[in-house]
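Hello,

Here is the structure for you to look through. My notes follow below it.

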Amino acid sequence: MPAEAKNAFLEALSNDARGDGGLGQEQRAEASARLGDLSHKAGDLLAAEEWLEKALDLTRPHEYLSLAKRQHLRAQIWEARGRFDDAVALIAGAQEIAAKTETREGKVLVLELRRYGAWLTYRSGNLEGAREEFIELLKAVPLDEPYLLGGALNGLGVAAYGLGDYGSAENHFTAALEHHEKTGASRGISASYNNLGMVAMKQGDRPAAVRWYERAVRIHARSGNRTRLAQSYNNLGSLYGEMGEHGRAEGFLRESIRIRADSGHSDIATGYANLGE
């Protein structure tokens with residue numbers, strides 16, 4: 001499906017460039033943004049950044065929701081490439097833009113941007129700050145937004161995990177999974193599986209960790225999300241290394257490294273470090 005979608009958007013833009021498509025400026029911008037998102041999930045960060053740059057160039061300043069959403073996508077690409085400060089600044093600007101709308105969609109987008117901003121706080125190493133941001137976000141998320149609730153709970157769980165509070169982390173991840181299962185959100189479900197695997201690993205339940213990670217891998221493989229697949233492969237490789245199954249560990253770690261090397265992902269050093277342990 002991702003390959004078919006990518007080809008459809010490329011064909012639409014190609015036809016438009018030849019004068020056969022009749023796309024408007026916003027349609028060209030949306031096609032470029034979708035290609036950026038698909039390239040990001042496929043692990044091609046350079047192409048993703050190029051497509052998002054085109055999309056933002058085509059986005060009119062008064063298209064507040066579209067502009068904020070596309071800045072969000074670009075920030076995720078910059079995060080993956082290690083440009084954390086740029087990503088933080090971009091998300092702060094996106095929140096201001098989204099807040100200019102008074103629609104329900106705009107208000108939900110502001111909350112999603114806050115969630116991602118809290119995640120960037122975590123990624124910067126400020127675990128206590130991230131936990132506080134996720135707690136405040138949970139107070140603001142409406143109860144009829146299960147996807148946002150799941151994302152906020154996953155974030156709160158990650159912060160608790162980073163602080164060594166594995167019991168709280170497990171509770172948050174389990175609650176997040178329940179919310180994501182209500183909407184069938186594969187991305188949220190797979191993140192919950194991965195996070196529960198991390199907790200199981202820390203608690204010494206290696207068989208359970210393998211089961212959680214393998215469930216995440218199956219979702220990433222079906223969706224074609226190679227960026228997240230690389231993360232799960234890295235986790236499985238590290239786990240099998242701890243279990244003394246070095247052949248399986250090396251296989252997963254090398255595949256994770258290969259995917260990240262192809263994409264230009266900033267976390268490639270993590271795979272090499274794990275491979276050397």
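Helix α4 is largely enclosed by the rest of the structure, because 15 of its 17 residues are buried (under 20% relative accessible area; exposed is over 50%, partly exposed in between; 1.4 Å probe, protein chains only). This helix covers residues 64-80 and reaches 25 Å from first C-alpha to last, close to the 24 Å expected at 1.5 Å a residue (expected span: 1.5 Å times one less than the number of residues). Helices are DSSP runs of H or I, at least four residues, numbered from the N terminus. Just after α4, Gly-82 takes a positive phi of about 90°.

This is a predicted model: local features need pLDDT of at least 70, side-chain atom pairs count only at pLDDT 80 or more, and totals for chains, interfaces and linings use all residues. Residues are numbered from 1 along each chain as its sequence is written, and side-chain values use heavy atoms, leaving out hydrogens and water.

Now the rings. Phe, Tyr and Trp (six-membered ring) pair if their centres lie within 6.5 Å; planes under 30 degrees apart are stacked, over 60 edge-to-face, the rest tilted. That rule gives five aromatic pairs. Tyr-193 and Trp-212 form a tilted pair, because their centres are 5.6 Å apart and their planes at 35°. The two sit 19 residues apart, Tyr-193 in helix α10 (residues 186-202) and Trp-212 in helix α11 (residues 206-223). Tyr-193 is buried at 9% relative accessibility; Trp-212 is partly exposed at 22%. Tyr-233, Tyr-240 and Phe-252 form one aromatic cluster.

Last, charges over rings (NZ of Lys or CZ of Arg within 6 Å of the ring centre and within 35 degrees of the ring normal). Lys-54 lies over the face of Trp-51, 4.5 Å from the ring centre. The charged end of Arg-83 sits over Trp-78, 4.1 Å from its ring centre.

Best wishes
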